[in-house]
Amino acid sequence: MPRLTLQQANTIVDKAIEKARQTGAPPIAVVVLDDGGHVKAVQREDGTSMFRVDAGIGKAWGAVAMDEGSRGLAKRAKANPAFFNSLAVASNGRLLPNPDGVLIRESAGGAILGAVGISGDKGPMDETFAVAGIEAAGLVADPGED
């Protein structure tokens with residue numbers, strides 16, 4: 001079974017931050033989790049609040065736990081809030097179904113290697129940074145449904 005390497009995770013972090021700097025985004029935190037929901041790499045830019053890492057972990061963790069990018073999870077949570085509130089309680093608050101928890105796949109439709117969660121800008125921009133990082137590592141980004 002393929003695994004996310006530390007080199008790939010670090011590339012994702014570096015390139016996501018690079019993309020954020022190119023767009024003039026506020027400082028961000030980038031979290032990369034493996035397929036078991038464990039932190040593989042994390043960086044918080046200077047000037048980013050301490051809460052940004054926790055938000056990034058929640059977005060990525062929810063995507064890995066549910067096998068779906070958080071864009072799709074957000075849509076499902078809106079349609080069934082009681083279920084997602086229960087999941088948040090059952091996961092001790094780790095599940096955060098907000099857009100920008102992006103799954104990392106080895107190939108299109110392939111195995112899930114982990115997920116990226118970014119916090120600092122608006123969700124669609126954070127997602128753009130995550131996708132840029134994942135693609136720079138030679139992997140496939142899966143943000144969930146449109």
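I started at Ser 119 and found it buried, with a relative accessible area of 3%; buried here means under 20% relative accessible area, exposed over 50%, and partly exposed in between, with a 1.4 Å probe and protein chains only. I kept in mind that this is a predicted model, where local features need pLDDT of at least 70, side-chain atom pairs count only at pLDDT 80 or more, and totals for chains, interfaces and linings use all residues. My residue numbers run from 1 along each chain as its sequence is written, and side-chain values use heavy atoms, with hydrogens and water left out.

Next I asked where Ser 119 sits, and found it in strand S4 (residues 112–119). Helices (H or I, at least four residues) and strands (E, at least two) are DSSP runs, numbered from the N terminus.

Which side chain does the side chain of Ser 119 meet in a polar contact? I found that of Arg 52, at 3.1 Å. A polar contact is a pair of N or O atoms within 3.5 Å; within protein, one must be able to donate a hydrogen and the other to accept it, and residues adjacent in sequence count only if both atoms are side-chain atoms.

I then listed contacts (heavy atoms within 4.5 Å). Setting aside neighbours within four places in sequence, Ser 119 touches residues including Pro 27, Ala 55, Lys 59 and Asp 126.

On to the sheet. I traced an open sheet of five strands in the order S2-S1-S4-S3-S5, with antiparallel pairing; two strands pair if DSSP finds at least two bridges between them. S2 (39–44) and S5 stand at the edges with a single partner strand each, so one side of each has no neighbour in the sheet. Neighbouring strands are turned by 20° against each other on average, direction ignored. Helix H2 (residues 51–66) packs on this sheet and touches S1, S2, S3 and S4. I noted that its direction makes about 150° with that of S4; axes are lines fitted to C-alpha atoms, for helices over the stretch in contact, and angles run from 0 to 180 degrees between N-to-C directions.

I looked at S3 (residues 101–105) last, and five of its five residues are buried. Gly 101, Leu 103 and Arg 105 lie on one side, Val 102 and Ile 104 on the other. S3 pairs with S4 over five antiparallel bridges, and Ile 104 has Gly 114 as its bridge partner there. Six residues separate the two strands of this hairpin, and Gly 109 in the turn has a positive phi of about 75°.
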